[in-house]
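Thanks, everyone. I'll take one model today and walk through how its parts pack. Have a look at it first.

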Amino acid sequence: MELSRRTALGSLLATGAFGLAREVVADTPPAQDEEISSAFPGLPNEWKAYGDNPDVAPTDLSPVPLGTGKPLPAEIEIARKIMSASPAGTKNPLDVARYFADIGGGKSVPGVDGDVRHYVRGWPVRYNPVIVNFFSATKTNPLAISGDYTAWCAAFINWCVARSLSQSKEVTLDARGLMVPFAPSVLKGTDSASSGSFRCWSQDVRESPQPGDVIVWATQGTVNKCAPGKGHVGFYVGKALDGRFLTLGGNQRDPATNQSAVVEKRIGQKFSRSDGLVEFHSIRRWVGAA
């Protein structure tokens, strides 16, 4: 879900069963609640002391210095390798999202040594270059829109859509260590960092959803036709027996810790957040590859 400017980054979903829409036996809280339903990636041992700190906020990506909290050169290169190894040209954005979820579950990345699970979650010490590049590559400046609109759930969806259409496997970085933007021909998302930008995107298929459709929630009182607004967006995976939606996405918070990651969640028709009640809006089917 979308958070404040202090809480922007992500983490992942444990490996596993996302192949088909599925019903899951619901040993869960009431259906109006939200709940992480996969393993949440941990932090490196040297960062354990900062585990209670909020995620570092996204940084202005306009042609100015990125400011404090920049990742180390080695971290920037690891992020580039992680992004380069993601599925490209599959025309299925969910394939890309699953890739990041699998990393969060412990899957190794070719050419990268060691545990990289924390590259798909928020960082408490400096900004995560993978997350910042979700914005950079899709030209969705996280600070272009103020407040909760700047969280990274929409940037993650936009990146997965573009990557699934891109035929260029290797990721190139600019002088600041940021991913060079995708070609305009593959930017078939919404060109916006706001989850509300998906409210009128593509086709509304809420009556017959399929895995990989984009599911949208809107904060009560923010819906104004197709205008951007607060809420949350992720990939629809299936539905639990209690009626909650199984959702795979970026910037999905663990309610117990308020930390963000690429993980699967069970999310109800409604859930409460500090800025208001968030309600199910619609499910959109991507038709950009048709």
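Start with helix 3, residues 129-138, and helix 4, residues 153-165: their axes come within 9 Å and cross at roughly 60 degrees. This is a predicted model, so keep that in mind throughout. Angles of 65 to 115 degrees would count as roughly perpendicular, and those under 35 as roughly parallel. Helix 3 and helix 4 are therefore oblique to each other. Their crossing is left-handed. Who makes the contact? From helix 3 we have Asn133, Phe134, Phe135, Ala137 and Thr138. From helix 4 we have Ala155, Phe156, Asn158 and Trp159. Sorted by class, the contact of helix 3 with helix 4 holds 6 nonpolar residues, 3 polar ones and no charged ones.

The axes of helix 1 and helix 3 come within 9 Å and cross at roughly 60 degrees. So helix 1 and helix 3 are oblique to each other. On the helix 1 side, the residues are Glu75, Ile76, Ala79 and Met83. They meet Pro129, Val130 and Asn133 in helix 3. The class count for the contact of helix 1 with helix 3 is 5 nonpolar, 1 polar and 1 charged.

Next, the interior. In soluble globular proteins, nonpolar side chains tend to be buried together. Here, the largest nonpolar core has 56 residues. Phe100, Phe134, Phe156 and Trp159 have the most contacts inside that core. Which elements supply at least two residues each? The helices on that list are helix 1, helix 2, helix 3 and helix 4. The strands are strand 3 at 214-219, strand 4 at 231-239 and strand 5 at 245-254. Helix 4 gives the largest share, 10 residues.

Zoom in on phenylalanine 134. Set aside its neighbours within four places in sequence. Phenylalanine 134 is then in contact with Phe100, Thr140, Trp152, Ala155, Phe156 and Trp159.

Step back to the whole chain. The secondary structure comes to 4 helices and 8 strands. Their order from the N terminus is β-α-α-α-α-β-β-β-β-β-β-β. The protein chain has 290 residues, and 55% of them count as buried. Take the contacts with a separation of 6 or more: 75% of them join residues 24 or more positions apart.

Two examples of such reach come next. Where does arginine 285 sit? Arginine 285 lies in strand 8, residues 276-285. Is arginine 285 buried or exposed? The cut-off for buried is under 20% relative accessible area. Arginine 285 is at 18%, so it counts as buried. Leaving aside neighbours within four places in sequence, arginine 285 is in contact with Ser202, Gln203, Val205, Ser208, Pro209, Gln210 and Asp213.

Glutamine 210 is the second example. Glutamine 210 is in the loop between strand 2 and strand 3. Its relative accessibility is 43%, so glutamine 210 counts as partly exposed. Beyond its neighbours within four places in sequence, glutamine 210 is in contact with Tyr236 and Arg285. Valine 237 is 27 residues away along the chain, yet its C-alpha atom is 7.3 Å from that of glutamine 210.

Lysine 91 is not a glycine, but its phi is positive, about 60 degrees. Lysine 91 is found in the loop between helix 1, 73-84, and helix 2, 93-104. Lysine 91 has 49% relative accessibility, so it counts as partly exposed. Serine 202 also has a positive phi, near 55 degrees. Serine 202 is placed in the loop between helix 4 and strand 2, which is 203-204. Serine 202 is partly exposed, at 28% relative accessible area. And recall that Ser202 is one of the contacts of arginine 285.

Conventions:
Residues are numbered from 1 along each chain as its sequence is written. This is a predicted model: local features need pLDDT of at least 70, side-chain atom pairs count only at pLDDT 80 or more; totals for chains, interfaces and linings use all residues. Side-chain values use heavy atoms; hydrogens and water are left out. Axes are lines fitted to C-alpha atoms, for helices over the stretch in contact, and angles run from 0 to 180 degrees between N-to-C directions. Angles under 35 degrees count as roughly parallel, over 145 as roughly antiparallel, 65 to 115 as roughly perpendicular and the rest as oblique. A crossing is left-handed if the near helix is turned anticlockwise from the far one by less than a right angle, and right-handed if clockwise. Contact means heavy atoms within 4.5 Å. Ala, Val, Leu, Ile, Met, Phe, Trp, Tyr, Cys and Pro count as nonpolar, Asp, Glu, Lys and Arg as charged, and the others, Gly among them, as polar. Buried means under 20% relative accessible area, exposed over 50%, partly exposed in between (1.4 Å probe, protein chains only). A nonpolar core is a set of buried Ala, Val, Leu, Ile, Met, Phe, Trp, Tyr and Cys residues joined through side-chain atoms within 4.5 Å.
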